[in-house]
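User: I would like to learn how to read a few features of a protein model. Could you take me through them one at a time?

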Amino acid sequence: MNAYRPRTDKPCLQLKGVVKRFGDTTAVGGVDLQLAPARVLALLGPNGAGKTTTIEMCEGFTIPDEGEISVLGLNPSIDGDALRPRIGVMLQGGGGYPGARAGEMLRVVAACAADPLDPDWLLGTLGLTEAVRTPYKRLSGGRQQPLSLACALVGRPELVFLDEPTAGLDPQARHLVWELIDSLRRDGVAIVLTTHQMDEAEALADDVVILDHGRIVATGSPEELVRRGAEHQLRFTAIPGLDLTTLQATLAGTHRISETGPGSYLVEGHLSPQLLTTVSTWCTAMNVLMTELRVEQRSLEEYFLDLTGRELSYR
């Protein structure tokens, strides 16, 4: 898919102080974010967090009450006609025409683009060749999702909004979509991804933005987020009831050491290769067999739940 190329090195997407209210309810309360070409941004949040409204404003379907939105250097609320040929939109509900056959639907979308990808090639890539003549309404969810993705990509967009792109897919189809998203990124396409699957966000995203009650509560790479709050913890397991005073003395009081459960030990403080060596050497000197040694790291889902206290779901 090397025909994709960004037309600018400037941010593909930029929001500054964006606010959207519905009556007395503030759905989005001052959001700032930026997405560069050839990067994947995962927008996460529980129900009612403001994700859908934020995306709809970026796509030009909803007008913000305050703030600025720039999509490929254009205002989506004003420059929709100029912007639409340059972006791809995949809706979670599919957005297909119920009576249209899969092949027909993709070709109609391709006909609206100046330089579309070959629809037959895209159908084959996404495993839809056998469904070409099947009406959209008769496709399974596992076929509707890839077709919706194909419609979002056939026009060679510079920026793509993907809403739950792998929902309902089997593992093989899911990883195929992952590979396609990675291919888009390598070819310079910027991608906004919404998903409730934390392993998907961790695998695909360069940047993560977590929304809650209309406000950004965390940003960073997946690696940065999972390290927060756990970057100063080393855990090891051995026999219960070890006398930790000599290890404490060896560390000269720079770390806090405790037995959190029978045979489970926690060392808190600055982590370094030297610390791992010191703990291992101490166990050897004590003639203690260490059965596990790890630097504590939470999952992205655990970090999300710590922030919001709710399960992740996208609507």
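Analyst: Searching the whole structure turns up one cavity of 30 Å³ or more. This is a predicted model, where local features need pLDDT of at least 70 and side-chain atom pairs pLDDT 80 or more, while totals for chains, interfaces and linings use all residues. Residues are numbered from 1 along each chain as its sequence is written, and side-chain values use heavy atoms, without hydrogens and water.

User: How is a cavity found, and which residues line the largest cavity?

Analyst: Rolling a probe the size of a water molecule over the atoms shows where empty space is left. Here a cavity is a set of points on a 1 Å grid over the protein atoms alone where a 1.4 Å probe fits but cannot get out, and lining residues have an atom within 4 Å of a point. The largest cavity has a volume of about 40 Å³, the volume being the space filled by probe spheres set on the points. Its lining consists of L13, L15, L33, L41, L43, T54, I55, C58 and V192.

User: Which element supplies the largest share of that lining?

Analyst: Helix 1 does, with three residues. Strand 1 (13–22), strand 3 (40–44) and helix 1 (51–59) each supply at least two. Helices (H or I, at least four residues) and strands (E, at least two) are DSSP runs numbered from the N terminus.

User: What about the largest nonpolar core: which residues touch the most other members?

Analyst: In soluble globular proteins, nonpolar side chains tend to be buried together. A nonpolar core is a set of buried Ala, Val, Leu, Ile, Met, Phe, Trp, Tyr and Cys residues joined through side-chain atoms within 4.5 Å; buried means under 20% relative accessible area (1.4 Å probe, protein chains only). The largest core has 34 residues, and L106, L126, L147, L149, L162, I181 and I191 touch the most other members. Helix 5 gives the most to this core, six residues.

User: How many aromatic pairs are there?

Analyst: Rings of Phe, Tyr and Trp (its six-membered ring) pair if their centres lie within 6.5 Å, and planes under 30 degrees apart count as stacked. The whole structure has one such pair: F236 and Y265 are stacked, 5.0 Å centre to centre with 15° between the planes. F236 is in strand 10 (residues 233–237) and Y265 in strand 12 (residues 264–268), so the pair ties together parts 29 residues apart in sequence.

User: Are F236 and Y265 buried or exposed?

Analyst: F236 has 1% relative accessibility, so F236 counts as buried. Y265, also at 1%, counts as buried.

How values were computed: Rings of Phe, Tyr and Trp (its six-membered ring) pair if their centres lie within 6.5 Å; planes under 30 degrees apart count as stacked, over 60 as edge-to-face and the rest as tilted. Buried means under 20% relative accessible area, exposed over 50%, partly exposed in between (1.4 Å probe, protein chains only). On a 1 Å grid over the protein atoms alone, a cavity is a set of points where a 1.4 Å probe fits but cannot get out, and a pocket is an open set with protein on both sides within 12 Å along at least five of seven lines; lining residues have an atom within 4 Å of a point.
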